Amino acid sequence: MPFVTAKSQQSAYDVIVVGSGAAGGQTAYTLCMEGARVLMLEAGRRYRPESETPMFQTPDMAPLGGVGTPQKPFGFYDATVDGGWEVPGEPYVRTTEDHGGRFDWWRARMLGGRTNHWGRISLRNGPYDFKPRSRDGLGFDWPLGYEDLAPYYDKVELLIGVYGSSEGLENTPNSPPGCLLPPPKPIVSDYAIAKAARRLGIPVIPGHRAVLTRALDHTSNPRRLHPGNAGAQRILAADMRSRAPCLWATPCGRGCSIRANYQSTTVHLPPALASGKLDITTDAMVYEVTLGPDGHATGVNFVDRTTGRHQHASARVVVLAASACESARLLLNSKSAQFPDGLANSSGKVGRYLMDTVGSDVYGQVPLLESLPPLNEEGADGHQMYTPWWLYREQLAGKLGFARGYHIEFGGGQRMPGPGTGAGLEWLTGGSYGARFKEDVRRFYGSFVYFSGRGEMIPNENSYCEIDPSVKDKWGIPVLRFHWQWSEHETRQAAHMQRTFADIIEAMGGKPREVQSDGAKAIAPGGLIIHEVGGAIMGADPRISVTNQWCQTWDVPNLFITDGAVFPSNADKNPTLTIMAVAWRAADHILERLRRKEL
Amino acid sequence: MDRRTTIKWMLAASAAWPAWQQAMAQAGHGTALLRPPAAPGYGTDPDLVTPHRRGEFWPLTLSAAQRRLAAVLSDLIIPADAHSPSASAVGVVDFIDEWVSAPYPTQQRDRPTVLEGLRWLDEEATRRFGKGFADLDAAGQAAICDTICDAARAAPERREAARFFALYRDLTAGAFYSSPAGRADLGYIGNVPLKSFEGAPPELLRRLNLS
């Protein structure tokens with residue numbers, strides 16, 4: 001009974017899950033594998049990675065060489081369908097267009113959501129990251145600690161497959177034996193960067209990404225994940241056997257037809273569907289959670305995008321996993337006499353404390369890497385190595401001028417030439433053209449190194465979303481209006497990134513290009529890194545948070561939010577792995593309450 | 001193209017509205033030239049698996065004369081040599097035509113830069129040598145290109161022409177190195193499935209003093 005139309009939905013579901021990405025996929029997987037009947041509603045269309053992924057297509061086969069356009073912002077071959085910072089017919093409102101005050105909202109209207117194209121970087125939050133306020137007095141602590149989430153990080157790594165290593169560095173957790181796959185071997189630029197960085201006291205260690213560097217252990221992992229559940233073990237083992245390891249080619253952002261990396265569509269949904277417990281309706285745009293007279297959620301209202309008809313679906317439990325801002329929008333649009341300001345919003349905190357990641361980039365050219373022999377440096381599509389935040393002591397001593405850290409993602413090598421190859425070389429060539437230009441491009445190809453800082457933003461009162469009083473989308477659903485403001489903690493951090501990256505490039509004997517000392521200019525605008533979290537934060541106090549540590553809303557006992565909306569802080573670590581760990585933990589809690597008939 | 005590169009393209013696109021276009025608009029000519037092509041683009045859900053032809057999603061708009069001049073300039077930038085063919089031989093003119101004809105903001109901003117730049121080349125050639133750029137001998141063409149090939153050294157009155165040349169060189173190079181011949185020219189050997197990935201060769205690391 002897997003894919004059902006809006007018309008053929010059953011009536012006896014235990015749980016409705018709104019959204020099919022990292023949070024929705026994980027929630028549904030956990031619930032279904034343990035026997036709950038789930039209806040998943042996805043606003044976008046059905047998507048089949050096995051047949052739709054452009055694996056080996058080259059830029060010359062794409063319009064404009066495949067460069068990004070407003071219709072395909074990450075390039076023609078990016079996996080995203082019907083998505084981007086602008087979605088036709090689905091506007092949102094920015095209160096300013098200014099660099100420092102704007103927030104651009106990325107959405108993907110497709111089965112699996114953003115997991116089809118994401119960067120696959122999968123870092124665990126460390127112990128400090130759950131108690132930031134206790135450490136420096138800023139922001140909010142989580143109502144749970146690393147020790148609560150650690151078993152779920154283990155589970156997610158065992159299920160989806162994450163490569164990496166355990167290095168024992170501060171606030172950079174180890175994984176128990178057997179959880180991680182071996183990291184890919186470094187390329188020449190990794191060695192060059194590591195050597196220079198270490199001379200500056202900056203650590204460089206293997207990266208963590210959700211890519212199968214070898215097949216998952218289909219004997220041991222299912223037993224560890226579903227102890228005592230032979231059916232789930234059998235389904236998962238069969239599914240793990242059908243996932244191929246990486247073939248060391250093709251960009252992960254296009255998705256992966258052989259299922260060698262994590263996408264909800266290739267990893268979470270197939271076993272959940274095989275359990276027979278999951279129904280999925282795509283093209284179902286949910287706009288309201290309905291409330292019964294007893295104060296319990298009764299289900300959701302949605303628009304069937306294929307017919308335009310409005311429809312209701314009901315279940316014992318409703319889980320929002322629609323992405324941080326979309327889940328906040330759903331709550332704010334679910335108004336009733338009991339909740340005139342939006343459902344589960346007695347705290348007034350729905351939509352509040354939106355966070356993105358602090359992002360800033362520098363690239364440079366390194367003579368040592370010029371004119372190397374031809375090398376296949378595709379690996380697992382980069383990120384063989386990275387730098388975790390390393391200045392904890394200096395920061396705590398107040399020496400940095402900003403309170404939270406960042407990690408460094410870097411890359412280089414002889415990657416697939418494309419429309420950017422040979423462009424913008426005047427600073428190195430003096431404007432050559434003709435035969436000399438061809439020689440210059442050969443010489444410089446593969447000699448560039450790229451550094452991206454990804455840092456923690458502290459939640460603030462001026463970064464939030466609310467319902468715009470007049471603008472509606474094409475279905476008549478009121479849309480979000482965004483307010484955004486960075487603090488000096490973020491802009492100074494961005495300036496620190498710029499200086500650090502320039503230092504590393506210079507220590508390599510290279511030349512950094514365009515180093516920005518003004519952090520307010522160096523920082524990428526809000527929403528550009530697409531790590532937005534918050535908007536319905538979890539906490540220990542119902543007066544200042546929206547959910548408890550189980551992602552259960554304080555106000556409505558059978559309404560849960562398992563996506564990034566519940567994050568009370570946004571560590572420098574990319575949020576997806578934590579979203580999945582939090583969702584799995586919440587789903588376990590829902591199962592327990594369902595078994596006890598409390599929901 | 002990775003996220004970083006794409007964001008750079010996006011930021012670059014929003015940062016610099018060319019002064020030239022404003023100047024042209026103020027001068028009151030070239031309005032037909034500057035009008036953005038009307039086409040819906042390829043949409044938000046195009047077929048990614050089938051290779052696409054130039055002109056499939058929006059009509060190509062360069063005239064025969066413009067394409068002839070574009071080919072001459074592309075081949076001045078990337079001529080044939082012992083390693084690989086010239087730019088025009090691998091379809092770079094079609095790529096540039098597709099680019100300046102595209103309905104997207106970056107490409108629409110580039111369109112007047114390219115079209116006015118090509119016109120400037122002919123006007124400059126006529127002023128200095130009495131005939132169109134494409135009809136000049138190699139020395140004449142080089143004499144003009146040498147004055148605009150480096151924006152940092154270009155005379156103030158040729159700044160816009162130098163900006164055009166930089167853009168045109170970027171587009172030519174991007175199209176050329178995206179092609180199979182261009183990839184081979186750079187010795188690119190990726191995009192093939194491998195059984196294992198060995199990373200950096202140890203002997204190369206030793207030579208570079210990185211092991």
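Predicted model: local features only at pLDDT ≥ 70, side-chain atom pairs only at ≥ 80, totals over all residues.
Local features require pLDDT of at least 70 and side-chain atom pairs pLDDT 80 or more, whereas totals for chains, interfaces and linings use all residues. Residues are numbered from 1 along each chain as its sequence is written, and chains are lettered from A in the order in which they are written.

**View 1. Crossing of helices H1(A) and H16(A).** The axes (lines fitted to C-alpha atoms over the stretch in contact, with angles from 0 to 180 degrees between N-to-C directions) of H1(A), residues 22-33, and H16(A), residues 576-595, come within 8 Å and cross at roughly 35 degrees. Helices are DSSP runs (H or I) of at least four residues and strands (E) of at least two, numbered from the N terminus. Residues are in contact if their C-beta atoms, placed from the backbone, lie within 7 Å. Gln26(A) and Thr30(A) are among the H1(A) residues making the contact, and Met580(A) and Trp584(A) among those of H16(A).

**View 2. The contact between chain A and chain B.** Chain A contributes 70 residues and chain B 63 residues. On the side of chain A, helix H6 (188-199), helix H13 (435-444) and strand E16 (448-455) each give two or more residues; H13(A) gives the most, with five residues.

**View 3. Surroundings of Val38(A) in the largest nonpolar core.** Such a core joins buried Ala, Val, Leu, Ile, Met, Phe, Trp, Tyr and Cys residues through C-beta atoms within 7 Å, buried denoting 20 or more other C-beta atoms within 10 Å of a residue's own. The largest has 169 residues, and Val15(A), Ile16(A) and Val38(A) have the most contacts inside it. Not counting residues up to four places away in sequence, Val38(A) touches residues including Tyr13(A), Leu31(A) and Leu278(A).

How values were computed: Contact = placed C-beta atoms within 7 Å. Buried ≥ 20, exposed ≤ 12 C-beta atoms within 10 Å, placed from the backbone.
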